[in-house]
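User: I have just opened this one and would like a guided look. Could you begin with how the helices pack?

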Amino acid sequence: WEIVESIRQYDREQRGSEDIRTRSLRARLFLMQGDVERSSRWVDTITYPPPNQPLLWLEEPQLTRVWILVTRGNDADLRLATEILDILEEIADRNFITLYKIEILSLRALLLETQGQTSQADAVLEQALELGRPGGFIRVFVDLGKPIQSILLRCVSKGHMVETINRILAAFPEESSNGIGN
């Protein structure tokens with residue numbers, strides 16, 4: 001939180017206003033703490049589509065937007081989340097951005113899970129896991145919290161990607177206080 005405040009002050013000094021990525025980061029932190037209401041205040045101010053440009057920053061506001069929309073889970077939010085994910089996935093594919101592709105697929109798995117499409121959620125998450133395996137990606141999954149942990153547990157119980165999933169599951173705190181659905 002101190003770092004976010006420092007970034008906010010820098011934004012105001014250099015730009016005169018807070019950057020969208022800084023506001024997005026704050027919303028993401030609220031969401032990771034389970035504060036959907038405060039994160040929703042930010043997401044409701046974003047009414048434009050994702051820009052058609054490479055995803056370059058560690059905090060991509062449109063991904064945070066999708067995460068919040070999926071967390072809220074009403075039909076309109078889920079439809080909008082699907083549209084945004086489709087655009088972001090095309091951008092990530094076109095620019096060969098593996099980290100974002102993994103996060104996009106993981107969020108799509110959460111979206112499908114929220115819609116009750118568990119077998120599709122498992123398949124999409126397995127795609128994300130396969131992409132992340134060579135680089136040993138763990139944090140992108142852990143940051144999504146208990147909902148993704150539940151899908152991982154279901155996949156490992158079916159004998160899918162056991163070694164990779166167990167490595168990720170070992171990184172989750174025992175009493176996870178992060179992520180959506182807590």
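Analyst: The axes of helix α4 (residues 61-72) and helix α5 (residues 75-95) come within 8 Å of each other and cross at roughly 150 degrees. Axes are lines fitted to C-alpha atoms, for helices over the stretch in contact, and angles run from 0 to 180 degrees between N-to-C directions. Helices are DSSP runs of H or I with at least four residues, strands are runs of E with at least two, and both are numbered from the N terminus. This is a predicted model, in which local features need pLDDT of at least 70 and side-chain atom pairs count only at pLDDT 80 or more, while totals for chains, interfaces and linings use all residues. Residues are numbered from 1 along each chain as its sequence is written, and side-chain values use heavy atoms, with hydrogens and water left out.

User: How are α4 and α5 oriented to each other, then?

Analyst: The two helices α4 and α5 are roughly antiparallel. Angles over 145 degrees count as roughly antiparallel, under 35 as roughly parallel, 65 to 115 as roughly perpendicular and the rest as oblique. The crossing of α4 past α5 is left-handed, a term used if the near helix is turned anticlockwise from the far one by less than a right angle, with clockwise being right-handed.

User: Which residues of α4 and α5 meet?

Analyst: From α4, Gln-62, Leu-63, Arg-65, Val-66, Leu-69, Val-70 and Arg-72 meet Asp-77, Leu-78, Leu-80, Ala-81, Ile-84, Leu-85 and Leu-88 of α5; contact means heavy atoms within 4.5 Å. The residues of this contact comprise 10 nonpolar, 1 polar and 3 charged. Here Ala, Val, Leu, Ile, Met, Phe, Trp, Tyr, Cys and Pro count as nonpolar, Asp, Glu, Lys and Arg as charged, and the others, Gly among them, as polar.

User: Is Leu-85 buried or exposed?

Analyst: Leu-85, in helix α5, is buried, with a relative accessible area of 0%. Buried means under 20% relative accessible area, exposed over 50% and partly exposed in between, using a 1.4 Å probe and protein chains only.

User: And what does Leu-85 touch?

Analyst: Not counting residues up to four places away in sequence, Leu-85 touches Val-66, Ile-104, Leu-107, Arg-108 and Leu-111. Leu-85 and Ile-104 are 19 residues apart in sequence, with their C-alpha atoms 6.5 Å apart in space.

User: Now α2. How do α2 and α4 cross?

Analyst: The axes of helix α2 (residues 20-32) and α4 come within 9 Å and cross at roughly 35 degrees, again in a left-handed crossing. Residues in α2 including Ala-27, Leu-31 and Met-32 meet residues in α4, among them Leu-63, Trp-67 and Ile-68. This contact of α2 with α4 has 8 nonpolar, 3 polar and 2 charged residues.

User: Stepping back, how many helices and strands are there?

Analyst: The chain has 10 helices and 0 strands. Its radius of gyration is 16 Å, close to the 16 Å that the globule rule gives for 182 residues, so the chain is as compact as a globular protein of that length. The radius is taken over C-alpha atoms, and the rule is 2.2 Å times the number of residues to the power 0.38. Of the 182 residues, 47% count as buried.
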